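Trainee: Could you walk me through this one before I start on my own notes?
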Amino acid sequence: MVKILIPTALRQYVDQRDAVEVEARTVGEALETLSRRYTELRRHLYNEEGKLRSFVNIYLNDEDIRYLQREATPLNDGDTLTIVPSIAGGGHGDQHHQCAC
Amino acid sequence: MATSITSAPASLSHEEILRYSRHLIMPEVAMEGQLRLKQARVLLIGAGGLGSPVALYLAAAGVGRIGLVDFDVVDLTNLQRQILHGTSDVGRKKLDSAVERLRQINPHVTVDRYDVALTRDNALEIIADYDIVVDGTDNFPTRYLVNDACVMLGKPNVYGSIFRFEGQATIFAYPGGPCYRCLYPEPPPPGLVPSCAEGGVLGILPGLIGVIQATETVKLILGKGQPLVGRLLLYDALAMRFRELKLRRNPDCPVCGDNPTIRELIDYDAFCGIRRHEDSGPAEWQIDPREVKARLDRGERLVLLDVREPHELQICKIPGAKNIPLSELPRRIHELDSAEEIVVYCKMGGRSAKAVEFLRQVGFRKVKNLRGGTNLWAELVDPSMPRY
């Protein structure tokens, strides 16, 4: 089992859970299983070509998978995957800004 | 470790020695460190949620020169988190209330005012006069602008960002360290991530993340400790948990990489896919709240579709509206009849614009977006309804 930590911005697509556990041998398999279980999450993780979106960072434990073997990175039991999305908020503007946090 | 900020320091008056005595008696700060603080020049982009605690603590700590970039006016909805400003400041320039408050805390601090939006035309010139930049902005174009300008000028960028109960902090553009683009090469397309005003934020959260930014700024100035470089600090207020992820400089980064391809500032709105003033869709897809009210009063059949989240209905709603949250619209579309005239609304018109676009794509013809959402409805049609 690996645990996938879900950031606040994406919890609305996973029944408000902060973590989801899946059985998977690789990072790619884990994310695929996750987005099969929660279909509305898929478009937030993958682009139209089925590639992971470039503004979504995936970490295996504390390491960016881009510096491991990306989606082919093997997983061990008890590993933690973290989805780290872009957030821009500074708690600053309300109505006057093109806010994207 | 840290970049050396100061050259030959000035001196402290007796009043300043007393004021900073709790710093001066610590060997990590002492007289040398306090003089470094006094000579330091720090630029804060944004005097809002993050900028408030940063400015307050840097002023109290005796940072000699603080620049504030903000063109905004204090709004009642700011006060839940922007502790630089008070109730009597509503309607005033944020710079006015900020400068007043900082002077009150420490008259030895010089505050530079920049009553402008940071743009590609002024960013390099403004940032060049400072040693450290603290990024407390609220939108992706400015995040990338601040990053690129800091990398080009070699100024550390003390970064913080927040969303609901969750925050991130790190230092970008530190010599040898990663930059914002190493972490996020591209921004998300507009609309995929909910906005501050639509997503909300725990008022205390910018306090905590801002204090981390202020701490890192002071450490950089003192040249003490391990700076938060190459590490992304994640904070989850609900779980009350801090985590740390490794960040690396990307040798292929277009800005800070070994062979940078971006050597001057670019059009950041275009880079972030933002079309100014077109976010609500074509004008003919919009409808004025007063027109909707008049037609309802005449007894015309209009379906009002509220695409806000269920908990927002507790704040206010337009009587008779049907609620389908935007995220559920695709799978609940069968609940709507494309033969009927539909007016979609949310809080400000952003989410409803997406709903209108989606409905038109799947064949609905008679669907319009209520201009300005419930906030404008409250202003123009029903003053008994609260704005939020």
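This is a predicted model: local features need pLDDT of at least 70, side-chain atom pairs count only at pLDDT 80 or more; totals for chains, interfaces and linings use all residues.

Trainee: Okay, chain A to start: how many helices and strands are in it?
Mentor: Chain A has two helices and five strands, and along the sequence they follow the pattern β-β-α-α-β-β-β. Of the 101 residues in chain A, 39% are buried, and among its contacts between residues at least 6 apart in sequence, 50% join residues at least 24 apart.

Trainee: And what are the counts of helices and strands in chain B?
Mentor: Chain B contains 14 helices and 13 strands, and 46% of its 388 residues count as buried. Contacts between residues 24 or more positions apart account for 68% of those in chain B with a separation of 6 or more, and the C-alpha atoms of the chain fill a box of roughly 75 × 50 × 40 Å along the principal axes.

Trainee: Which domains does the assignment give for chain B?
Mentor: The domain assignment gives domain 1, covering 14-271, and domain 2, covering 283-380, and the C-alpha centres of these two domains of chain B lie 38 Å apart.

Trainee: Let's look at β4(B). Which way do its residues point, and are they buried or exposed?
Mentor: In strand β4 of chain B, residues 132-135, Ile132(B) and Val134(B) point one way while Val133(B) and Asp135(B) point the other, and all of them are buried.

Trainee: Which strands does it pair with, then?
Mentor: Strand β1 of chain B, residues 41-45, pairs with β4(B) in the parallel sense over four bridges, with Leu43(B) standing opposite Val133(B). Strand β5 of chain B, residues 157-163, also pairs with β4(B) in the parallel sense, over three bridges, and there Asp135(B) has Tyr159(B) as its bridge partner. Between β4(B) and β5(B) the chain crosses through helix α7 of chain B, residues 140-153, in a right-handed β-α-β crossover.

Trainee: Which members of the largest nonpolar core touch the most others?
Mentor: That core has 96 residues, and the ones touching the most other members are Val42(B), Leu44(B), Ala55(B), Ile66(B) and Val133(B). Leaving aside neighbours within four places in sequence, the contacts of Leu44(B) include Ala55(B), Ile66(B), Val69(B) and Val134(B). There is also a second, separate core of 19 residues, which includes Ile318(B), Met348(B), Leu359(B) and Val367(B).

Trainee: Switching topic, what is the strand order in the open sheet of five strands?
Mentor: The order in chain B is β9-β13-β12-β10-β11, with parallel pairing, and the edge strands, each pairing on one side only, are β9 (286-287) and β11 (322-323). Strand β10 of chain B, residues 303-306, pairs with β11(B) in the parallel sense over two bridges, and Asp306(B) has Asn323(B) as its bridge partner in β11(B).

Trainee: Last one: where does Asn250(B) lie, and why does it count as buried?
Mentor: Asn250(B) lies in the loop between β8 (241-246) and α11 (268-271) of chain B, and it counts as buried because it has 20 C-beta neighbours inside 10 Å. Beyond its neighbours within four places in sequence, Asn250(B) is in contact with Pro178(B), Cys182(B) and Gly257(B). As for Ala60(B), it is 190 residues from Asn250(B) in sequence and 37 Å away in space, C-alpha to C-alpha.

Key
Residues are numbered from 1 along each chain as its sequence is written. Chains are lettered from A and ligands numbered from 1 in the order in which they are written. Domain bounds come from an automatic or database domain assignment. A nonpolar core is a set of buried Ala, Val, Leu, Ile, Met, Phe, Trp, Tyr and Cys residues joined through C-beta atoms within 7 Å. A residue is buried if 20 or more other C-beta atoms lie within 10 Å of its own, exposed if 12 or fewer, and partly exposed in between; C-beta atoms are placed from the backbone. Two residues are in contact if their C-beta atoms, placed from the backbone, lie within 7 Å. Two strands pair if DSSP finds at least two bridges between them. A crossover is right-handed if, with the strands pointing away from the viewer, the path from the first strand over the helix to the second runs clockwise.
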